[in-house]
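Good morning, colleagues. Please look at the sequence and structure first.

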Amino acid sequence: MKNRPKRRKFRQETVIHSYITRPLSIEIIRLIWNSGITPNQITIFRILLNVIALFLFAQGTFVSILFGFVLFQTHELLDSVDGMYARLKEHRSKIGVWMEQFFDAIFSDANGLLGLALSYGAYRVTGEMSYFILLILSLSSVHLFEIFLKVFDISKKKEGFEHKEYGNDYLQIVGVGWKTGMKNLYLTVLTWQNQILLFGLLLLIPFYEMFGIDIYLYAMVLFVLLNQPPWIYTGWMGYKKANEKI
């Protein structure tokens, strides 16, 4: 039987991953190391938490939103646990990777059912229809980005939209040049953009009832703005490549 993995310093992806998510994940892994729990069981469990959270968000009450928020954040943490656990246990499987990618794309993406459930919950509080228009606008922007990547043959990794999970290629914000720091800050926020909507909905009812402020609407506008630079940038890169061939 392999010994429990040691605690270590993480340098990957974003500051949140490096200093919060991954260190907490390794503690959970150390706790369940000899339990017989499999990585795929963790994946199935967190998918169930995700689905329940979306249902609670859509109810539009403060209690349901609060419980949904806790369940979704637990799901986000376990999203880091199952993959790391599979690698450390050497229990990686194609079906595990498929489950993670398939269900995360449907239920965890802010431009998918997660965004719809959050916006519907907010709509039940304020009656504001513009949430759905903004959601469609954001989804259209992401779709344009994916189209431009394909038609202009642009690599996400080469252009800095993806980073290695382990190693020194993580999005450092402090201690680098200001241009690199600003770029990495943007990519960090873009990576965690679903948190903007989650906190926006969590704070909506208190802010709306006490101050009349629709904080979820502001969160939605920020969310949409975050999704504009990628498709604009890839469109520009495609234009530059087209000029090189003339």
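Glutamate 100 has a relative accessible area of 22% and is therefore partly exposed; in these terms, buried means under 20% relative accessible area, exposed over 50%, and partly exposed in between, with a 1.4 Å probe and protein chains only. The side chain of glutamate 100 meets that of arginine 46 in a salt bridge, at 3.8 Å from N to O. By salt bridge I mean a side-chain nitrogen of Lys or Arg within 4 Å of a carboxyl oxygen of Asp or Glu. Since arginine 46 belongs to helix α2 and glutamate 100 to helix α4 (residues 94–107), this pair ties together parts that are 54 residues apart in sequence. Helices here are DSSP runs of H or I with at least four residues, strands are runs of E with at least two, and both are numbered from the N terminus.

Before I continue, a note on the source. This is a predicted model, in which local features need pLDDT of at least 70 and side-chain atom pairs count only at pLDDT 80 or more, while totals for chains, interfaces and linings use all residues. Residues are numbered from 1 along each chain as its sequence is written, and side-chain values use heavy atoms, with hydrogens and water left out.

Which other residues belong with arginine 46 in a salt-bridge network? Salt bridges with shared partners join Arg46, Asp79, Asp82, Glu100 and Asp104 into one network. Arginine 46 itself is buried, at 0% relative accessibility. Its side chain meets that of aspartate 82 at 2.8 Å, N to O. That pair links helix α2 to helix α3, and so ties together parts that are 36 residues apart in sequence. Aspartate 82 is also buried, with a relative accessible area of 2%. Aspartate 79 forms a salt bridge with arginine 46 as well, the closest N and O atoms being 3.0 Å apart. Here helix α3 (residues 62–89) supplies the aspartate and helix α2 (residues 39–59) the arginine, so the parts tied together are 33 residues apart in sequence. Aspartate 79 is partly exposed, at 22% relative accessibility. Over the whole structure, the search finds four salt bridges.

I turn now to the aromatic rings. Rings of Phe, Tyr and Trp (its six-membered ring) pair if their centres lie within 6.5 Å; planes under 30 degrees apart count as stacked, over 60 as edge-to-face and the rest as tilted. The count by this rule is 14 aromatic pairs. In one of them, tryptophan 236 and tyrosine 239 have ring centres 5.5 Å apart and planes at 25°, so the pair is stacked. Both residues lie in helix α10 (residues 229–244), three residues apart, or about one turn of the helix. Tryptophan 236 is partly exposed at 48% relative accessibility, and tyrosine 239 is partly exposed at 47%. Elsewhere, ring pairs link Trp98, Phe102, Phe103 and Phe107 into a cluster.

Finally, a backbone detail. Aspartate 153 has a phi near 55°, a positive value in a residue other than glycine. Most residues other than glycine have a negative phi. Aspartate 153 lies in the loop between α6 (130–151) and α7 (178–191), and is exposed at 63% relative accessibility.
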